[in-house]
Every structure is written in C-alpha cells, then in structure tokens.
Amino acid sequence: MIVKGWGVPMPLLVMCNGGQAAVEAARVSREAAIRDTHTAEYKQKLREKFVGQAKEYFGVPYARRYWSKDEAEYNSQLFLDCCGLVRKIVRDLKDDFGFEFGPWNQAYQYDTLPITVEREADMLPGDLVFISATYYNPKSKRQKHDIVHVEIWLGEGEKTIGARWQRGHVEIHKSYKFEARSYHSPTYIFKSIDTWLSGECKSHCDAHPWILPHHFIPSEKSIFFTHKPEQTDTSSSCPPDEDASGTESEDEGWPLPQPAQHALSVGTQTRENSD
C-alpha cells in the first residue's frame, strides 16, 4: 500500500494579494534545484550519513520521567523516543537533506514517505520500519493511520536502530519484530527514505496535510518551548511501548523554518542506479 506524506519546505505563508501563488512558485523552483543536485551518489552518501548519525545517539535514554533522580539517566542532556530519534537525525542533517523537518510524530514521518517497500529483502540501511497497531487502553489517543512506532533499518538481517522502551535507550535491536505491552495486532510497514534523500518532505496524504499554524506560541508543555532550547528534541512525542498514555507532539507548533543549504560533498562520478 502506498500512503502519501508531508514536510515543511517553506516558511509560513503570507496569504495576501497572490502571495500564496508566489511562495508556491518559489517552492517548486527550489525543489527542482534540489532534485538536480541530489544525484544517485549524493543520495547514497546521505543514506550512509543518516545511519551513521543514528549511531551517534546510542545510549541516549528514552525520557526523563521514567528514571529516578539518583540514576545517571535522569540527568541526561538529551532524551529521544522513537520518532524523536528520527526527527533529531534529519534535523542534524538538514543542510544535506535540503529541507526543514516538521515537529510532529511518527504518523507525520509516515505520511512524508510515499514509497512502500514490499519485501524485507529490498530494504536498504536507513529505511524506516513503521508499526501500525491498536492500543489495549481504550483511553489512549488513536494515532493517524494507527502508526504507533518507528525504527531505522540497520541493514544487518532484521536488526534496527531505535528507542523502544520506557527505561531503555537508543540501541540496536536484534529484530524489528517484538511483543509490545501497550498495543496488539501489529502490522509492519517498510518505507523507503528515498523521497527524503531526493530533497522532498511534504504530505502525500490528502487527509493529513500537516499544516503549521500561521501564528505559534509554544506552551510550557511543548517540546519547542523556547525558554529551554537545549531540550527541543528531548521530550517524548510518541507513546512508549510500555505506556500507552505517553504524550505526542503532533499538534504542537514549532519555530519558523529557515532555508537549508547543502553541506554534503560528493565526487563527480555518479552511480548508474539510484537507491
């Protein structure tokens, strides 16, 4: 099944006297320029860089609230849940990807990746494994497309990189398949990140456009609360497996995006086939 997705390639729109049309024309022109620079070799190098950046976060705890004050994890400078890890990596590499990444959770990430990989054997390192499932707790907020979890394909058998447990850390998991405590009837959906590697991040889902508000003032509960900028990516934004009542950030706002510049250098030789 192919599901459509969204991203945040432009600043907030100024809707007046044809301004929207001008901004749209600029967006189309900019995306075309990015596509021209994202060669097969460029995308392969960026894919490798994406996986490498994920490994930089090994050992980062899931969320502070699951640790006591006398434990080292409680004082960590960074916390990453499943979608928070993916978001952090893409934002770390925004100059290479060529777009700004939105603040929402794993359902947003799912909607921005329209290419479904039908076979496990065709997955490439860096591709994403999404889990669609039903929460046991009827009070848990249902996720868009029922997407409850995401992990990064490592490229070594069924191994993935991800943040999975309340009192866990970002780590390598032996398999993307596991028994969850907060949801049941999982369906594993493989998604290629080739769309992102091509410099595109926008919604391919008509039902979920993922549009930013025109005016945004973050609340203290928002992970984008500017009084503590060092914790922008640290709060839990997708429900942890062990706690279906976990919070999410899909309705939170975020700072105005700035145009990204390419930083990944590649040689003049390009591969015959793209990812």
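Mentor: Helices (H or I, at least four residues) and strands (E, at least two) are DSSP runs, numbered from the N terminus. This is a predicted model, in which local features need pLDDT of at least 70 and side-chain atom pairs count only at pLDDT 80 or more, while totals for chains, interfaces and linings use all residues. Residues are numbered from 1 along each chain as its sequence is written, and side-chain values use heavy atoms, with hydrogens and water left out.

Trainee: In which helix is the place of T195, and is T195 buried or exposed?

Mentor: T195 lies in helix α6, residues 194-197. Buried means under 20% relative accessible area, exposed over 50%, and partly exposed in between, with a 1.4 Å probe and protein chains only; T195, at 9%, is therefore buried.

Trainee: What is T195 in contact with, leaving aside its neighbours within four places in sequence?

Mentor: Contact means heavy atoms within 4.5 Å, and the partners of T195 are T112, L113, P114, I115, E200 and H204. T112 is 83 residues away in sequence, yet the C-alpha to C-alpha distance from T195 is 7.9 Å.

Trainee: Which side chain does T160 join through a polar contact?

Mentor: A polar contact is a pair of N or O atoms within 3.5 Å; within protein, one must be able to donate a hydrogen and the other to accept it, and residues adjacent in sequence count only if both atoms are side-chain atoms. The side chain of T160 makes such a contact with that of E151 at 2.5 Å. T160 belongs to strand β3, residues 160-162, and is buried at 0% relative accessibility.
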